[in-house]
Amino acid sequence: MKKNHSGYTLMEILITVVILGVIASMSIPTFFSLVEDARRKEAIANLQVIRMGQKVYAANNGGKFWDPGGAVAEATIDTKLNVDIDEMYFGSFNITTSAGGTKFNAQVTRNVKAGGNGSTVVKINEAGTIT
């Protein structure tokens, strides 16, 4: 008499679950790392837009960059430099000038409300150097 096996055994199901768990444990950290990298690239893009806005501003104002003196709201940057930046994952913009307004530094900090810890900072200067 031949037994008809229909379905999977408990052992087969457990082995499948373990394999899926191992695959997930290896891929999830990579996924989150890629997401953070994409968000950092968004911040770099925003800083490059600010740099271009600063160059246009300086061209129209005797070679002097706009200096809000530190922390500045995204809407103020948009209006003053005639640009459109998005602060979805990075907020807290700071723009300062030096050398009589002929040099500037802009930085943006990771937005804590959007899942960041507030310690990731991206900077750009008038030459386009990103740190």
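## Strand pairing

In this predicted model, residue A71 stands opposite N94 of strand β2, a contact that belongs to the antiparallel pairing of β1 (residues 70–72) with β2 over 3 bridges. Strand β2 also pairs with β3, again in the antiparallel sense, and here the number of bridges is 8. Within that pairing, T97 has F104 of β3 as its bridge partner, while S98 is partnered by K103, likewise in β3.

The hairpin formed by β2 and β3 has 4 residues between its strands, and A99 in this hairpin adopts a positive phi near 55°. Strand β3 is in turn joined to β4 by 5 bridges, the two strands running antiparallel, and V108 finds its bridge partner in V122 of β4.

## Helix α1

Helix α1 covers residues 10–60, which amounts to 51 residues, and it reaches 74 Å from its first C-alpha to its last, close to the 75 Å expected at 1.5 Å a residue. After α1 comes G62, a residue whose phi is positive, near 65°.

The buried residues of α1 include R39, E42, A43, N46, L47, I50, G53, Q54 and Y57. An α-helix has 3.6 residues a turn, so residues three or four places apart point the same way.

## Aromatic rings and charged groups

The structure holds 2 aromatic pairs. In the pair made by F31 and F32, the ring centres are 5.4 Å apart and the planes meet at 65°, so the arrangement is classed as edge-to-face, because planes over 60 degrees apart count as such. F31 has a relative accessibility of 49% and therefore counts as partly exposed, given that the exposed class requires a value over 50%.

Two arginines are placed over aromatic rings. R39, which is among the buried residues of α1, lies over the face of Y89 at 3.9 Å from the ring centre. The charged end of R110 sits over the ring of F90, at 5.9 Å from its centre, a value that falls within the 6 Å limit used for such an arrangement.

How values were computed:
Residues numbered from 1 in each chain as written. Predicted model: local features only at pLDDT ≥ 70, side-chain atom pairs only at ≥ 80, totals over all residues. Heavy atoms only, no water. Expected span 1.5 Å × (residues − 1). Buried < 20%, exposed > 50% of the residue type's maximum accessible area, 1.4 Å probe, protein only. Phe/Tyr/Trp six-rings, centres within 6.5 Å; stacked < 30°, edge-to-face > 60°. Lys NZ or Arg CZ within 6 Å of the ring centre and 35° of its normal. Pairing = 2+ DSSP bridges.
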